[in-house]
Amino acid sequence: MEYTPLRLLIDGQWLDGQGRETLPVINPATEAVLGQLPVASEADVERAARAAERSFPAWRDMSAYDRAKILFRTGEVLRGRVERIAQLMTLEQGKPLNQARQEVIHLPDMLVWHAEEGRRVYGRTIPARDLGHRQVSAREPMGPIAAFTTWNYPAMIPMKKVCAILAAGCTCVLKGAEETPASTMELVRAFADAGLPEGVLNLVYGAPDRISSQLIASPSIRGISFTGSTAVGRKLAELSGRHLKRTVMELGGHAPVIVMDDVRDLASLARTSVLRKFRNSAQGCVNPSRFFIHRKLYEPFVEAFVAETRALVVGDGFSPEVNMGPLAHERRLGAMQHCVDDALAQGATLRCGGRRLDRPGYFWEPTVLTDVPASALVMNEEPFGPVVPINAFDDVEEVLAEANRLPVGLAAYAFTNSTLWANRLSRRLEAGMVAINSFAFGAANASSTPEVPFGGIKASGFGAECGSEGIEGYLNIKFVSEYEQA
């Protein structure tokens with residue numbers, strides 16, 4: 001298919017690369033250059049921030065019902081563009097087309113839910129000690145928000161941010177990922193085509209350090225929303241603190257999976273585990289990442305897991321038989337090699353995979369490691385790629401300690417047929433999201449759903465996206481105290 005011309009959107013104007021630095025966008029399945037991405041200059045970024053500031057009062061004062069109508073229309077526009085956006089995503093990000101399609105299909109639902117929820121931003125009346133005194137706690141839009149997104153889900157992640165920001169009555173400068181610009185650009189185009197006022201949503205691309213530093217320091221920007229690694233999130237949080245900007249941070253994880261000895265259908269669990277682990281080439285912050293299997297089931301589970309892994313078809317995401325596409329960019333290949341080499345040097349066993357495929361494109365064999373020491377890199381840092389460690393356990397307290405040992409806490413999973421263990425594990429696992437007997441949060445075929453909060457604890461961030469909690473992150477609390485005049 002034909003790639004789309006890449007643009008910035010600033011104050012209602014689509015801007016191309018003329019007079020600007022550009023960056024090549026690479027197809028990770030072929031290593032061919034798809035197009036040239038215009039890089040926002042400092043003047044562009046400043047103009048975008050000022051546009052968000054200028055348009056904020058009118059957008060804030062528009063009724064929540066009228067704002068919702070624009071979000072509804074955006075959803076209708078997107079419904080007619082699912083296939084086009086999905087194909088662009090497979091071209092520039094690499095995931096199989098059916099996975100890209102599933103990601104885009106859910107976007108209108110995200111818009112509709114947030115549009116409705118934005119019409120239900122309530123305050124409260126607080127009973128006063130004096131009958132002539134009225135006390136109200138109101139919620140009001142915070143102001144222009146700078147949103148930073150990543151490349152692994154280039155449609156869903158920007159949408160979760162933008163629809164909550166706009167539904168709350170805020171305006172936005174969205175900084176998309178340079179690896180996957182067309183997917184995000186087409187989302188922004190849908191808002192513009194649905195009649196979103198100029199300046200309410202702006203889109204820029206460029207060097208992440210430069211643009212994030214400029215936007216966070218800008219007096220036009222009131223809040224920050226970021227999805228990405230813990231290391232980058234820490235830097236942005238420090239910078240935001242220096243400028244006293246509120247933040248919503250959805251950072252990395254290293255999701256543990258605990259399988260108790262009472263699980264019956266081991267073959268089905270192994271099959272589902274492989275599909276979830278290697279979904280999007282295992283480039284997902286909530287993908288199951290560290291498996292702990294009760295020793296009674298360990299060898300049968302490993303055998304089934306390895307067999308399912310070997311059956312995966314790796315290739316170009318446009319091929320219908322492909323289960324796993326390439327890694328999104330070349331630097332992930334070196335990270336996978338380092339991860340595997342480190343584990344093997346420390347005594348782990350390689351059950352399958354473990355190398356780059358000898359063909360054009362950033363393809364890595366789905367890799368399974370067993371008997372991996374706790375000191376290995378893969379047990380301490382999220383691989384964010386198709387390498388998975390599987391270890392045995394005997395004692396539940398010990399496995400809980402290992403699952404909770406890391407400073408991150410985004411997602412965690414446990415499988416058991418015991419209600420007692422289900423309750424205990426869900427209570428004891430230190431994560432912002434815990435799924436029992438499933439790898440889904442909200443719906444079986446979705447990475448997340450709009451009605452439930454998505455976020456982590458500890459070094460996996462703070463605040464939430466989606467759910468009523470997601471809109472609250474972009475609202476100020478105003479207390480109004482009014483006395484009657486005599």
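## Cysteines

The structure holds 0 disulfides, a disulfide being a pair of cysteine sulfur atoms within 2.5 Å. This is a predicted model in which local features need pLDDT of at least 70 and side-chain atom pairs count only at pLDDT 80 or more, while totals for chains, interfaces and linings use all residues. Residues are numbered from 1 along each chain as its sequence is written, and side-chain values use heavy atoms, with hydrogens and water left out.

Cys170 counts as buried, at 0% relative accessibility, and Cys172 is buried with a relative accessible area of 0%. Here buried means under 20% relative accessible area, exposed over 50%, and partly exposed in between (1.4 Å probe, protein chains only).

## Nonpolar cores

A nonpolar core is a set of buried Ala, Val, Leu, Ile, Met, Phe, Trp, Tyr and Cys residues joined through side-chain atoms within 4.5 Å. The largest one has 79 residues, and Met159, Phe191 and Leu215 touch the most other members. Helix α6 (residues 156–167) gives the largest share of this core, 9 residues. Helices (H or I, at least four residues) and strands (E, at least two) are DSSP runs, numbered from the N terminus.

Beyond its neighbours within four places in sequence, Phe191 is in contact (heavy atoms within 4.5 Å) with Leu71, Thr74, Leu111, Met159, Val162, Leu166, Leu196 and Leu201. Another core, of 42 residues, lies apart from the largest one; among its members are Ala255, Ala270, Phe363 and Phe441.

Strands of a sheet pair through backbone hydrogen bonds, either parallel or antiparallel. Two strands count as paired if DSSP finds at least two bridges between them.

β5 and strand β6 (residues 133–141) run antiparallel and are joined by 2 bridges. Arg124 stands opposite Ser137 in β6.

## The sheet of 7 strands

A further open sheet, with mixed pairing, has 7 strands in the order β14-β15-β16-β13-β12-β18-β19. At the edges stand β14 (349–352) and β19 (433–436); each has a single partner strand, so one side of each is left without a neighbour in the sheet. On average, neighbouring strands of this sheet are turned by 20° against each other, direction ignored.

Strand β13 (residues 290–294) and strand β16 (residues 387–393) run parallel, joined by 4 bridges. Ile293 stands opposite Ala392 in β16. Helix α11 (residues 295–310) lies across β12 (256–259), β13, β14, β15 (367–370) and β16, and runs at about 135° to β13. Axes are lines fitted to C-alpha atoms, for helices over the stretch in contact, and angles run from 0 to 180 degrees between N-to-C directions.

## Two single residues

Thr149 is found in the loop between β7 (145–148) and α6. This residue is buried, with a relative accessible area of 9%. Not counting residues up to four places away in sequence, Thr149 touches Ile157, Pro158, Lys161, Leu174, Lys175, Gly176, Ala177 and Thr227.

Asp61 belongs to helix α1 (residues 42–61) and is exposed, with a relative accessible area of 57%. The side chain of Asp61 makes a polar contact with the side chain of Arg60 (3.0 Å). A polar contact is a pair of N or O atoms within 3.5 Å; within protein, one must be able to donate a hydrogen and the other to accept it, and residues adjacent in sequence count only if both atoms are side-chain atoms.
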